[in-house]
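Here is a short briefing on one protein model and its ligand. Keep the structure in view while reading.

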Amino acid sequence: MKTPFNKPYMTGRETEYIRQAVETGKISGNGVFTKKCQQFFEERYGFRKCLLTTSCTDALEMAAILTDVGPGDEVIVPSYTFVSSALAFVRQGAKIVFCDSCRGNPNIDPTEIEKLVTPRTKVIVPVHYAGVACDMDAIMDIASRHNLLVVEDAAQAIDSFYTGRDGVRRPLGSIGHLAAFSFHETKNIISGEGGMLAVNDPRFIRRAEIIWEKGTNRAEFFRGEVNKYGWVDTGSSFLPSEIVAAFLWAQLENLDAIQSKRRSIWEFYREKLAPFAAKGLFSLPDIPTCATNNAHMFYLVFPGLEKRTRFIAAMKEREIQCVFHYLALHASAFYSGKHDGRALPNCDRFADCLVRLPLFYELDPEIVVNGIAETC
Ligand SMILES: *Cc1c(COP(=O)(O)O)cnc(C)c1O
């Protein structure tokens, strides 16, 4: 039997809620299911204002518009991330200044950020890789000293937390001025394609709603705050249909069950693979004490590219799909010509040596562990 890398998990009520949405006849965006989902996040995690979007990429584009960056401005982004973390700002005309990862994990290294800040810097984009928190105290401190905005790419970071030096535990996505989440089918909570913008700084709420609805003040009109609505700003059609929100609602109702199942798989991996890591075959994810683990991903870091390549091939022979992850964005076909040539050695190492193991609700992780025992 083949073990895929990912298998989208359905809770069983998705089609029932989609049917409800269809039968009420309200299937465009910002209806009952959209509001239920947004409220769920606002109440459970304390995000000031949530707006569902059609993807995390869209939520990042909304964030990029809200930060008002343009030509001449610089945005600091880790190079070890998905394209969208950078692309959203490139579309506004900003220059991306790529930052290296930490030595011990792929998250952006705050001591490197500090060296990259110039008078043109406007935004920092921390990406919580594998749902593990970046060093947000250090990042927010740099931002406040240099008057920068922070947009958290929390695509992988649903239901994960960061404990600051003040001892307070805060949900990821609630710390930066703005944050973007993904409900792509490869994430913990899914809607096929889908995402959400969380607005934490109240200065951005009104404009976020306008940008969300094609640059119109339609949301204010429906709340009875203005007596007609029209074109007041830039924007696009960022909101998903009620059909997508209905699907998402079925997932959110089961968030705790999904998370606890994923965590048990993750813990099984850690326990069973620790002896292999102790022998130096690979290293396991490093979760700093300030961060929680939302079990988005379990990865191994091999000592070199050839060892990783051989591992992936050996697992493939056993019909277990293990996959590497990001190619460094600073070396990409689209942006390498615009990169300033700085070496980003930690990013390069994760690009060459990191491999992700299958992790999904219905997985039997023992199959994967046995495969690893046979190959390593
Ligand atoms: C998945 C992901 C995205 C993109 O999410 P979409 O919803 O597919 O647009 C962006 N950033 C990171 C870090 C991701 O993991």
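The points below cover the ligand site, then the overall fold.

This is a predicted model, in which local features need pLDDT of at least 70, side-chain atom pairs count only at pLDDT 80 or more, and totals for chains, interfaces and linings use all residues. Residues are numbered from 1 along each chain as its sequence is written, and side-chain values use heavy atoms, without hydrogens and water.

**Ligand shell**
- The ligand is surrounded by 14 residues, counted when a heavy atom lies within 4 Å.
- Thr57, Asp153, Gln156, Ser182 and Lys187 are the closest.
- The shell holds 5 nonpolar, 7 polar and 2 charged residues; Tyr counts as nonpolar, Gly as polar, and Asp, Glu, Lys and Arg as charged.

**Polar contacts (N or O pairs within 3.5 Å)**
- Thr57 places a polar side-chain atom 2.5 Å from a ligand oxygen atom.
- Asp153 has a polar side-chain atom 2.8 Å from a ligand nitrogen atom.
- A side-chain N or O atom of Tyr326 is 3.4 Å from an oxygen atom of the ligand.
- The ligand taken alone exposes 380 Å², and the protein buries 92% of that (Shrake-Rupley method, 1.4 Å probe).

**Fold**
- The protein chain has 13 helices and 12 strands (DSSP runs of H or I, at least four residues, and of E, at least two).
- Its C-alpha trace spans about 70 × 55 × 40 Å along the principal axes.

How values were computed: A polar contact is a pair of N or O atoms within 3.5 Å; within protein, one must be able to donate a hydrogen and the other to accept it, and residues adjacent in sequence count only if both atoms are side-chain atoms.
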